[in-house]
Amino acid sequence: MSAGVAQSGTVDLPLGNVEEQFSASDTRWYRLVWSSTKARVGIIMLLGFILVAVFAPLIAPYEGTRTDFAPLLPPSGEHLLGTTTQGGDIFSQLVYGARVSLLVGLFGGIAATAIALVIGMISGYKEGSLTDDILSFVTNVALVVPVLPLMIVLVAYSEVRGVPLIVFVIGITSWAGHARAKRAQIITLRNRDFVTAAKFAGEGSGRIIFREIMPSMTSLVAAGFVGAATGAIGAEAGLSFLGLGDPNTVSWGTMLYQADAQGAVAQGLWLWVLVPGLVLALLITCLTFINFGVDLLSNPHLRED
Amino acid sequence: MRYFARRIGFFLATLWAAITLNFVIPRMQPGDPAEVMVQKLAGKDAQLNPAAVEAMRAMLGAPEGSLLEQYVAYLKALARGDFGLSYTYYPYPVTEVIGQAVPWTLVLVGVTQVLAFVIGVTLGAYAAWRRNTRFDGIVTLGSTFVGTLPSFWIALLLLFGFGYVLGWFPTAGGYSTATPGWNAGFIADAAYHSILPAVSLLITAPIGWVLGMRNTMVMNLGEDYIRLARAKGLPDGVVALRYAARNALLPSVTGFAIALGGVLGGSILVETIFDYPGMGRLMGEAIGNRDFPLLQTLLLFIIVGVLVANLIADMLYGVLDPRARKAES
Amino acid sequence: MTLLQVRDLSVRYEPKRQASLTAVDRVSLDIHDGEFVGLIGESGSGKSTLAMALLRLLERPGRISGGSITFDGHDITTASQDDLRVRRWRDIATVFQSSMNSLNPVMRVEAQFRDAIEEHSDLRGDAVRDRVRELFEMVMIDPKFMSAYPHELSGGMKQRVNLALALANRPRFVLLDEPTTGLDVVVQRSILDAVRRLQKELGFAVLFISHDIGTVMELSDRILVMYAGRLAEEQPASGLVADPLHPYSKGLLGSYGNPRAETVRVTYIPGRPPDLSRPLQGCRFAPRCPEAIERCTTVEPEFAPLGEGSVACHVARLQREPGPERVTGLPEPTRVFAGPEFVKTSEESDLARQAPVFLKVDGVSKVYERRRGLRVQRTQAVSGVGFELRRGEVTALVGQSGSGKTTLARMITGVDRPTSGSIRFTASDGQDIAVHGLRGRRLRDYRRHVQMVFQDPYSSLNPALPLRYALSRPLRNHRGLGAKEADSMAAELLETVALTPSSRFLDRYPHELSGGQRQRVVIARALAADPELIVADEPISSLDVSIRAEILELLQQLVRDHDLGVLYITHDLLSARLLADEIIVLNGGRVVEHGPALEVIRNPADDYTRTLLEAIPQPFERVG
């Protein structure tokens with residue numbers, strides 16, 4: 001679950017290599033990402049998940065939260081994966097669960113990336129100043145503190161449970177690794193001559209940050225976003241599994257929570273246990289695959305040659 | 001030396017931040033925190049026993065005095081080792097309750113983390129050395145997929161498969177029949193019980209190391225000193241280990257503590273599933289019972305544990321990388 | 001005894017996602033025991049690829065695609081790495097470029113000698129330590145550095161360590177690939193002296209690869225010239241100077257001139273090397289060659305003996321060994337490069353020095369403070385510098401790295417502020433501006449008068465934005481032009497710097513242009529604001545030598561046409577003499593020499609200036 005974290009804080013960033021024979025074919029980023037087979041597979045899988053989530057009402061036979069069926073029915077035509085001990089249709093829960101995971105992934109990822117971007121950019125642009133020292137310290141602390149335990153405590157204390165809370169908590173706890181990477185890259189870019197040249201051309205700071213520096217940051221921001229989204233999905237699953245999820249919606253994590261709470265393992269209800277975890281793993285895998293492709297953008301050494 | 005002093009300084013500063021965080025979180029809600037907690041508990045449990053209120057009061061103190069005064073009182077209590085009383089295990093103090101659980105988690109997580117590091121780094125280095133071959137492809141692809149599997153799901157499957165269906169391993173607890181103590185019987189029994197939880201954690205833990213080490217090493221293999229090492233006619237093994245891996249290891253060391261945080265997080269879930277008497281299961285209980293004193297102190301202990309590991313890793317890094325000692329870190 | 005014999009060696013690069021190319025094409029050469037052979041080549045020549053191929057260190061996507069390499073009678077072209085290992089460092093050693101970090105950062109220096117020595121000899125323990133000490137003394141480094149880590153050594157010291165390392169097992173052949181590039185001239189000289197001395201003493205064969213023709217000629221017995229993957233010429237060093245055969249060699253030699261002459265002439269080769277990923281026809285140099293005839297564009301010349309050496313050139317051969325048929329348009333034989341020339345007379349300088357002063361630097365000092373935790377570290381970059389710049393005059397600020405020249409440039413352009421002293425600028429409208437106190441809006445306005453050309457053409461243009469954008473910004477900000485007007489003005493600017501037709505360039509991205517072309521764009525951008533002073537910070541240092549004069553000529557033309565003042569910052573006294581009317585020499589943050597260009601060159605008052613003068617490669621005077 002924390003597979004990405006160990007890396008993102010220690011990424012070695014590409015410096016401008018002054019190569020003698022500069023290749024004239026600097027491929028556009030999307031083509032480069034698509035060129036990686038892993039990324040391609042990941043993108044296709046992700047599209048599959050998105051389609052399922054969007055068309056959930058059409059795909060799932062019943063509402064995800066309905067629990068008025070007969071419990072413990074085996075798989076059949078009416079209940080493709082059977083029912084739970086409380087009478088819920090496993091297949092419908094699975095389909096609707098996709099929505100929660102994708103939403104949390106999207107918004108949690110955006111939240112964490114946005115915070116990382118702001119802190120990283122301010123810290124990097126003002127390198128060496130007191131602001132940078134303070135922000136760097138905060139980043140280092142946030143990096144060291146274990147994420148899941150902190151999230152657990154924050155959610156436990158909160159009055160309201162629900163998906164927005166989880167997105168919020170994920171956002172404020174998972175930004176640190178990405179912030180550090182962005183800070184490092186801003187520092188590299190800020191010292192490049194073309195930024196000084198932009199100042200000479202009369203450009204103001206705002207324009208410099210957005211039109212000169214940002215385009216070179218996109219690959220890093222994209223990689224960070226995918227990583228953050230992946231982490232968010234895993235975090236939501238973990239929190240829900242501990243019972244800290246939204247009791248009114250059904251997500252794959254809450255499915256597993258119920259399965260465990262109802263002793264599904266002891267009773268041999270392997271389908272109920274297997275399936276939510278499997279789709280969770282598949283979703284995270286396809287995102288990680290996509291990240292392979294995005295990694296190629298920021299790290300030329302990894303391109304197979 | 002400057003480097004080591006800085007690292008210790010950071011440790012102390014972060015420690016202070018964690019303690020303060022612990023102070024702030026329950027007080028983020030308006031009003032007297034103890035009252036609020038009690039209200040919450042009352043809402044859930046109609047017959048609220050005075051024990052709960054006492055536990056709350058003991059932990060949170062009376063809301064007299066300014067925030068600063070409360071903070072000082074809090075710090076004093078911490079210095080005394082007074083972390084409050086556990087609601088679940090009333091009237092035992094939190095420290096005693098946690099104290100029982102710590103060795104179990106320490107062993108489980110400690111062993112898993114070290115094993116994961118060794119396995120992950122070795123696999124990653126070897127995959128980088130043989131990059132773009134089938135071995136590398138399998139390792140990279142395999143570890144990507146396996147690394148995304150939620151550890152608690154693996155735990156459930158293992159419990160089901162090896163615990164119930166095959167019956168090879170115990171399905172709950174830290175030990176069964178042996179009497180606790182430092183005797184061979186107990187240790188063997190405890191070890192036996194810890195195998196499934198450890199395997200659950202171990203399956204997903206090395207992954208970060210594998211990919212991180214592989215990528216770092218691939219980059220390192222393009223470095224100039226590797227080229228010179230080859231030009232010197234040194235055997236492959238020497239180049240791989242003393243030149244490439246030795247350098248590529250450095251970023252992994254820095255990430256050790258951060259990864260530890262991840263494994264601790266995973267252990268919370270895994271211990272709950274296996275009913276393993278460690279800090280993780282305790283946390284699960286605390287959540288279920290809304291035992292805030294226990295919950296908070298657990299968080300503090302976990303953070304401190306990771307900080308100490310971080311300090312050790314940083315010190316180790318200072319020893320391994322001569323440039324760190326010289327330059328500003 | 002021929003130690004190294006290379007026959008028709010070809011190396012191809014075959015990357016997965018880009019076009020393949022042949023970086024080295026049928027190269028043949030011989031190196032004998034104890035011989036010192038130099039290989040000259042510029043960007044795209046394939047010299048470094050050849051080096052890697054000879055050492056059998058080529059990595060994917062490169063591979064040897066043809067030919068053979070024979071060392072000491074054994075064919076090593078396809079030998080396995082295990083077989084090669086025995087020869088490595090015992091028979092064949094190498095020193096890589098100085099800019100590379102060839103030393104393992106986590107191992108002490110002595111350990112890095114130890115593993116190479118123990119691998120290939122029977123020495124162990126203390127015997128090894130004694131040997132290392134001996135090696136250190138050979139290259140004149142204090143043996144106390146044996147226990148140091150690489151990052152504790154300076155660039156020059158590291159290269160000396162690399163040299164000592166190469167000689168550790170008394171090899172028969174040492175390959176040096178640009179060993180002194182990027183180092184200070186003084187350090188360069190000492191390393192090159194060490195190489196020459198050691199080669200005479202120990203008698204190993206050398207292949208010395210460089211783009212710097214001066215040093216190669218100084219040290220080598222025999223010289224090879226490489227262009228676009230093929231050998232162009234091969235001659236004994238004295239022969240190459242006396243009678244260069246290939247026009248490219250003439251072009252390389254022509255890039256150097258005698259700075260002490262009243263009128264200095266330097267040539268440059270127009271255009272750029274061919275794209276090797278495209279199919280080639282005829283002689284590769286023909287598109288840029290002033291002596292080319294029709295045959296040159298259709299038939300590729302063979303590399304074959306001529307006189308004392310060998311050459312791949314139709315014209316050279318026909319001029320010296322005329323065949324039975326008459327060839328039309330054959331040019332007269334010439335020793336000089338018959339291409340474009342850059343000429344600087346002393347009269348122009350005299351006139352320029354009478355123009356009115358418009359920038360006055362007075363008693364300027366700069367101290368840098370860096371916060372390191374709780375302490376503050378002070379570095380004195382510039383002390384008490386004063387000088388004046390005149391309208392329409394070119395002033396050269398000469399110094400090595402660390403001399404303070406870049407700091408001064410930053411203060412004059414307002415990027416940094418002096419710690420003490422003043423800098424005043426008189427604009428064309430009579431305004432008197434105190435540069436040292438400018439901020440915000442006023443600083444932006446100042447940039448209308450003073451612009452900057454940067455050193456590295458690769459990093460001074462934003463790789464993610466097209467040229468059109470880079471040129472339009474200063475036009476819109478400083479000249480207040482609207483979008484359409486800015487566009488047409490941008491096109492005009494490109495024409496001014498001879499990038500025509502401008503429509504072909506406006507929508508390109510920087511990476512699609514060559515180094516020389518990029519630098520022109522950077523100059524065009526500087527001109528966009530219609531400034532009165534341009535501060536050019538090492539604008540030609542990162543360009544190949546044979547094309548530098550082209551940029552110098554451009555700058556000189558702009559000075560003439562627009563009455564521009566130029567502050568030309570460089571570490572190279574030759575180009576300073578070529579472009580500048582006045583020369584200021586900086587050392588350690590202080591001015592040590594100041595005067596008219598020719599005067600400073602002919603009668604330097606300061607020792608440091610003399611050292612810099614000695615360092616200018618003099619291919620014609622130094623062949624030994």
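I'll go chain by chain, with the contacts between chains along the way.

One caveat before we start: what you see is a predicted model.

Let's begin with chain A. Of the 305 residues in chain A, 55% are buried. And if you take the contacts in chain A with a separation of 6 or more, 72% of them link residues 24 or more positions apart.

Now, on to the neighbour. How many residues of chain B are in contact with chain A? The count is 56 on chain B, against 49 residues of chain A. On the chain B side, the elements giving two or more residues include α1 (2-24), α6 (134-148), α7 (151-165) and α9 (207-221), and then there's a run from α11 through α12 (256-274) and α13 (279-289) to α14 (292-320). Which helix gives the largest share? That's α12(B), with eleven residues. What I'd like you to look at is the make-up by class: the side of chain B that touches chain A has 36 nonpolar and 20 polar residues, and no charged ones.

While we're on chain B, here's a helix pair. Helix α10 (residues 224-231) of chain B and helix α11 (residues 236-254) of chain B have axes that come within 10 Å and cross at roughly 155°. Anything over 145 counts as roughly antiparallel, so α10(B) and α11(B) are roughly antiparallel to each other. As for handedness, α10(B) passes α11(B) in a right-handed crossing. The residues making the contact are Tyr225(B), Ile226(B), Ala229(B) and Arg230(B) from α10(B), with Val239(B), Tyr243(B) and Ala244(B) from α11(B). By class, that's six nonpolar, no polar and one charged.

Next, chain C and how it meets chain B. Here 22 residues of chain C are in contact with 18 residues of chain B. Helix α3 (residues 109-120) of chain C gives the most to that side of chain C, namely four residues. Charged residues do turn up here: the side of chain C that touches chain B has ten nonpolar, six polar and six charged residues.

Inside chain C, go to the sheet. It's an open one, with eight strands in the order β6-β7-β8-β3-β9-β10-β13-β12 and mixed pairing. Which strands sit at the edges? Those are β6 (92-95) and β12 (304-306) of chain C, each pairing on one side only. On average, neighbouring strands of this sheet are turned by 25° against each other, ignoring direction.

Zoom in on one pair: strand β3 (residues 36-40) of chain C and strand β8 (residues 205-210) of chain C run parallel, with five bridges. In that pair, Phe36(C) stands opposite Val206(C). Helix α1 (residues 47-54) of chain C packs on the sheet, touching β3, β7 (173-177), β8 and β9 (222-227) of chain C, and its direction makes about 150° with that of β7(C).

Last stop, a hairpin. Strands β18 (residues 420-426) and β19 (residues 432-434) of chain C run antiparallel and are joined by three bridges. Phe425(C) stands opposite Ile433(C) in β19(C). There are five residues between the two strands, and in the turn Gly430(C) has a positive phi of about 90°.

That's my tour, happy to take questions.

Note on methods. Residues are numbered from 1 along each chain as its sequence is written. Chains are lettered from A and ligands numbered from 1 in the order in which they are written. This is a predicted model: local features need pLDDT of at least 70, side-chain atom pairs count only at pLDDT 80 or more; totals for chains, interfaces and linings use all residues. Axes are lines fitted to C-alpha atoms, for helices over the stretch in contact, and angles run from 0 to 180 degrees between N-to-C directions. Angles under 35 degrees count as roughly parallel, over 145 as roughly antiparallel, 65 to 115 as roughly perpendicular and the rest as oblique. A crossing is left-handed if the near helix is turned anticlockwise from the far one by less than a right angle, and right-handed if clockwise. Two residues are in contact if their C-beta atoms, placed from the backbone, lie within 7 Å. Ala, Val, Leu, Ile, Met, Phe, Trp, Tyr, Cys and Pro count as nonpolar, Asp, Glu, Lys and Arg as charged, and the others, Gly among them, as polar. Two strands pair if DSSP finds at least two bridges between them. A residue is buried if 20 or more other C-beta atoms lie within 10 Å of its own, exposed if 12 or fewer, and partly exposed in between; C-beta atoms are placed from the backbone.
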